[in-house]
Amino acid sequence: MSAFVLQIQDLDESGKDWSFAVGREWLASALADSELRPGPEDGELQVHAQRNGADVLVQGHISGKLAASCARCLGEVPLDLDLALTALFSPEHTRPDEDEEIEVRLDEVNRDYYGGREIVLDSMIREYLLLEAPMKPLCSESCEGIAVPEHVRPPDEVFGESAPDARFAPLLKLKEQLTKNEE
Ligand SMILES: [Zn+2]
């Protein structure tokens with residue numbers, strides 16, 4: 001069932017505001033085929049829609065939290081959601097034929113269509129959320145990943161401190177500082 005539906009029969013040019021909770025259940029099903037998961041609490045969606053002839057301009061803002069898995073250690077990576085969305089909805093009967101549609105999409109990415117007296121935002125919001133997925137989420141920039149078992153580690157000569165490679169000098173320095181901070 002659609003969660004984000006705008007009833008637009010009374011909509012005029014000055015427009016109307018809506019506010020929705022973006023429930024974790026909805027997020028879980030919308031994100032099911034992605035690397036993203038719902039965060040610890042529900043998100044929020046604010047929408048303003050206004051009529052412009054037969055078209056309806058929808059502007060919205062989503063806030064909340066999602067989670068992903070660290071690309072190195074698989075630990076949880078919290079993601080803050082803070083997304084602005086804009087789309088122009090036109091009546092379904094104005095939707096171009098399939099061959100035409102490709103052209104239209106090139107210059108008007110956020111165009112969608114509505115049928116009857118309501119605009120359903122679910123699929124658009126899902127697309128926006130999926131675009132937010134980082135290519136390589138990290139729990140921290142310095143995440144060292146899952147510890148490599150000793151028997152598969154390279155011998156000390158390769159990374160050992162006895163013969164530090166000049167290219168690793170900045171890293172070694174950083175490591176020194178980190179070790180100091182821990183003390
Ligand atoms: Zn990590």
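## Salt bridges

In this predicted model, the side chains of Lys65 and Asp80 meet in a salt bridge with an N to O distance of 2.9 Å, a salt bridge being a side-chain nitrogen of Lys or Arg within 4 Å of a carboxyl oxygen of Asp or Glu. Lys65 lies in strand β5 and Asp80 in strand β6, so the pair ties together parts that are 15 residues apart in sequence; strands (E, at least two residues) and helices (H or I, at least four) are DSSP runs, numbered from the N terminus. Lys65 counts as partly exposed at 32% relative accessibility, while Asp80 counts as exposed at 59%, where buried means under 20% relative accessible area, exposed over 50%, and partly exposed in between (1.4 Å probe, protein chains only).

The count comes to three salt bridges by this rule. Glu76 and Arg37 meet through their side chains at 2.9 Å, N to O, and this pair links distant parts of the chain, with Glu76 in strand β6 and Arg37 in strand β3, 39 residues apart. Glu92 forms a salt bridge with Arg95, the closest N and O atoms being 2.6 Å apart.

## The zinc site

The protein donors of the zinc ion are the SG atoms of Cys70, Cys73, Cys139 and Cys143, lying 2.3 Å from it; donors are N, O and S atoms within 2.8 Å of the metal (3.2 Å for Na, K and Ca), and water is not among the atoms, so sites may look incomplete. The four donor atoms subtend angles of 106 to 112°, which makes the arrangement tetrahedral, a label given to four donors if all angles lie between 85 and 135 degrees. Along the chain, the donors follow the spacing C-x2-C-x65-C-x3-C.

## A buried aspartate

Asp122 lies in helix α3 and is buried yet has no salt bridge, the nearest side chain of opposite charge, Arg126, being 9.6 Å away; Lys and Arg count as positive and Asp and Glu as negative, with His and the chain ends not counted. The side chain of Asp122 does reach the backbone nitrogen of Phe4 at 2.9 Å.

Residues are numbered from 1 along each chain as its sequence is written, and side-chain values use heavy atoms, with hydrogens and water left out. Because this is a predicted model, local features need pLDDT of at least 70 and side-chain atom pairs count only at pLDDT 80 or more, whereas totals for chains, interfaces and linings use all residues.

Terms used. Four donors count as tetrahedral if all angles lie between 85 and 135 degrees; four count as square planar and six as octahedral if opposite donors are over 155 degrees apart and all others between 65 and 115; anything else is irregular. A polar contact is a pair of N or O atoms within 3.5 Å; within protein, one must be able to donate a hydrogen and the other to accept it, and residues adjacent in sequence count only if both atoms are side-chain atoms.
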